[in-house]
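I set out these entries in the order in which I looked things up.

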Amino acid sequence: MTRRTRAGAALLSIALLTGLTACSSGDSSGDGDAVTLDYWLWDDNQKAAYQACADAFTAANPTIKIQITQSAWDQYWQNLTTQLASGDAPDVWTNQGSYYPQFVASGQILDIQPYVDADKVDVSQYQAGLADLFTKDGKRYGLPKDWDTMALVYNVDHLGKQGIKADDLADLSWNPTDGGTFEQIIAKATRDANGRNGLDPAFDKTKVQVYGYLPEWADGSQGQNGWGNLAASNGFTYLDKNPWGTQYKYDDPALAATIDWFKSLIAKGYSPALDKNSTLSRDTLMGAGKGAISYAGSWTINTYLGDDAKAKFAFAPVPAGPQGRKTAINGLSDAIWAGTEHKDAAWKWVKFLGSADCQNIVGDKAVVFPAIKSASAKALAAHQAKQRDVQVFVDEAQAPGGTFFLPITEHGNEVSQAVQDAIQSAVLGQSDSATALKKANNQVNALFK
Amino acid sequence: MSSTKQRDDRRAAWWFLAPVLTGFAVFYGYPAIRGAWYSVTDYTMLSTPAFVGADNYDKLVHDSQFWRSLLVTIWYVVLNIGSQTVLALLVAALMHRLTRSVLLRATLLLPWLVPNVTVGLLWMWLLDTNLGFVNHLLTSLGVGPVGFLTDATLAMPSIAAINTWAYTGYTALLLYAGMLQIPQYLYEGASIDGAGEWRMFRSITLPLLRPILALVLVVSLIGSFQIFDTIAVTTQGDPAGATRVLYYFIYQQAFSYFQMGYASAAAVFLALILGILTAVQLRLLRASTSDLT
């Protein structure tokens, strides 16, 4: 089974670990007064928008050039960490909540609060709460660049055939006991091989052709693409405080009840069982017409409404639970490497990235919603110009009390795996939800001791 | 041969070996030593490694996730080595006794030539529960759909089957090459004595194949313990850890959690297991001695 013919290949297991720490590349050399800053991001959809920002920035600051490097999400953090370890990191990089606490803990990110104070940057210009995500103990580790919220995505033609209109989805209710109108719609959108929907007494749940709801079970400790939103609308909060909490609350019965509701969808045949689920992505399955409704983040707008979409999709607000309508909101920021030789130049660039000048450019490209409210409006207008209705994402972001932030703590990835395992084992029926979540909660809280 | 000539030959040999030895020292030896050192430190890539003694090993011994991943790995090794060796022996014996077709040999090798990541992606699509071709066939036959990669009990056998598909041809060729070493007259004699094919396989082929079989088993075993790429592409350790093998565990600790010290300890542990297994296996199969001589 192997291509390695040396018995000593056992050593490779160690070599793998250490060999990769040795590589490094890229530099940010100063040439007289001229400076080239390395800037990293992971989303290839956004590269063009930020290249336009970089061009505008260099036009205004001819001595500072921006070298943008894009690498895919899966490699981005490994590359970044390796570069940081080798002491040759990008001057500025795109940062995200799950990964950045460890960079803060190890002192890799420059505190920009002094710059913010000196230049009087107005942090209230951003979507509420975003700027605070990247602060800790009075220090500031980035300026917000964009945000995303969640909505329901549905297959327009399929729902139409099932007799469901857009209006029916405009104000869905949900509770963990009977699922509210959300479950009614899901049942009606489910279709078996005989063309019967899930409300029909003769519905055959062993021969489902189109599932009413497609769940996401590889969703870490956050459930951003499904359970997290409903659990929040059922009164669940992740943490004692966010960001920088140290006590998770996954043993909350409100969460277990939410997971149990998802299990009931599976039992009724409205959702695929986890062991009959796909390893392929939900948007692939939605595109193939296997599911009628699912959750979608605003970063997938171009996937579902773009020219390459495999079916006609539309967005609807997430259902309102016992505690109201709640959607996860998440934001990215730009961080400056503490070890950069060009701190002032890097700050100029970050300040520009966080300004309306750059964010308006990004907004016009209609790829993400920029963090500055006025630039978000530009993104909305750009989508509308392309006949895309994405108003729901903006409405949700602006609804008072309608959003919650994803947890930002240390050990983010370990927490993610432990909770995901627990939820999967509950959904597989290996354990009941409350027991699995309680066990996982003890496990993750032990990380903070 | 004069002793001067012998010395000259040796010197020349060292020159020829130097590039390989240098490569081995730089890319295997040094990293291995570094890894062993990290395993007794709290290295996180972003911190300066500080010596913590046996802490990582202590944590490892008490980490249920680690033991589970070891069990999952062993389960995979049993499935994979079992199916692959039996199949490869069968194919090799058939080739040996029936045909010498080069075309057939080339075809057998094809799956092995496909990069592992491609193999993983290919089978992930073929086996997918909702969109996969295999399940499409099964459903039209009235069976299924079967969650090959998503069912907790089926996921590991499916991965083993994928890798068996990829490596059986290669293993069969190695065994076939070994079979070609066996003198033909033994078979002729046996057949005159009235021995059937099965009897000849058991009494001639298998015993005389032992050195090659030992090598193949050792190499496959080490390779199987290092199963990673197929899993990284298809299941990522899901569902609920049912396919989180030791290598994936190490990878996560190292590159998701950045617990380099801890990951290195697990890697050293894996290296120890493999060392012991290899020694035992070579011993059991008496690899150095062939029954032929």
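**Domains of chain A**

I looked up the domain contacts and noted that 23 residues of domain 1 of chain A are in contact with 22 residues of domain 2 of chain A; two residues are in contact if their C-beta atoms, placed from the backbone, lie within 7 Å. I record here that this is a predicted model, in which local features need pLDDT of at least 70, side-chain atom pairs count only at pLDDT 80 or more, and totals for chains, interfaces and linings use all residues. Residues are numbered from 1 along each chain as its sequence is written, while chains are lettered from A and ligands numbered from 1 in the order in which they are written.

On the side of domain 1 of chain A that touches domain 2 of chain A, the elements giving two or more residues are helix H4 (100–105), strand E7 (143–148) and helix H16 (391–398) of chain A. Helices (H or I, at least four residues) and strands (E, at least two) are DSSP runs, numbered from the N terminus. H16(A) gives the most to that side of domain 1, with four residues. I sorted this side of domain 1 by class and found 12 nonpolar, six polar and five charged residues. Ala, Val, Leu, Ile, Met, Phe, Trp, Tyr, Cys and Pro count as nonpolar, Asp, Glu, Lys and Arg as charged, and the others, Gly among them, as polar.

For the bounds, I read domain 1 as 30–148 + 332–398 and domain 2 as 150–329 + 405–446 in the domain assignment of chain A, which is automatic or from a database. The centres of the two domains of chain A, taken over C-alpha atoms, are 30 Å apart.

**Helix H14 of chain A**

I then examined H14 (residues 356–364) of chain A, where Cys358(A), Gln359(A), Ile361(A), Val362(A) and Gly363(A) are buried; buried means that 20 or more other C-beta atoms lie within 10 Å of the residue's own, with C-beta atoms placed from the backbone. The cover over these buried residues includes helix H2 (44–60), helix H13 (343–353), strand E16 (369–370) and helix H15 (373–385) of chain A. Just after H14(A), I noted a positive phi of about 55 degrees at Ala366(A).

**Chain A against chain B**

I found 42 residues of chain A in contact with 56 residues of chain B. Helix H1 (12–19), helix H3 (73–85) and helix H17 (412–427) of chain A each supply at least two residues of the side of chain A that touches chain B.

**Chain B**

I counted 13 helices and zero strands in chain B. Of its 293 residues, 40% are buried.

Conventions. Buried ≥ 20, exposed ≤ 12 C-beta atoms within 10 Å, placed from the backbone.
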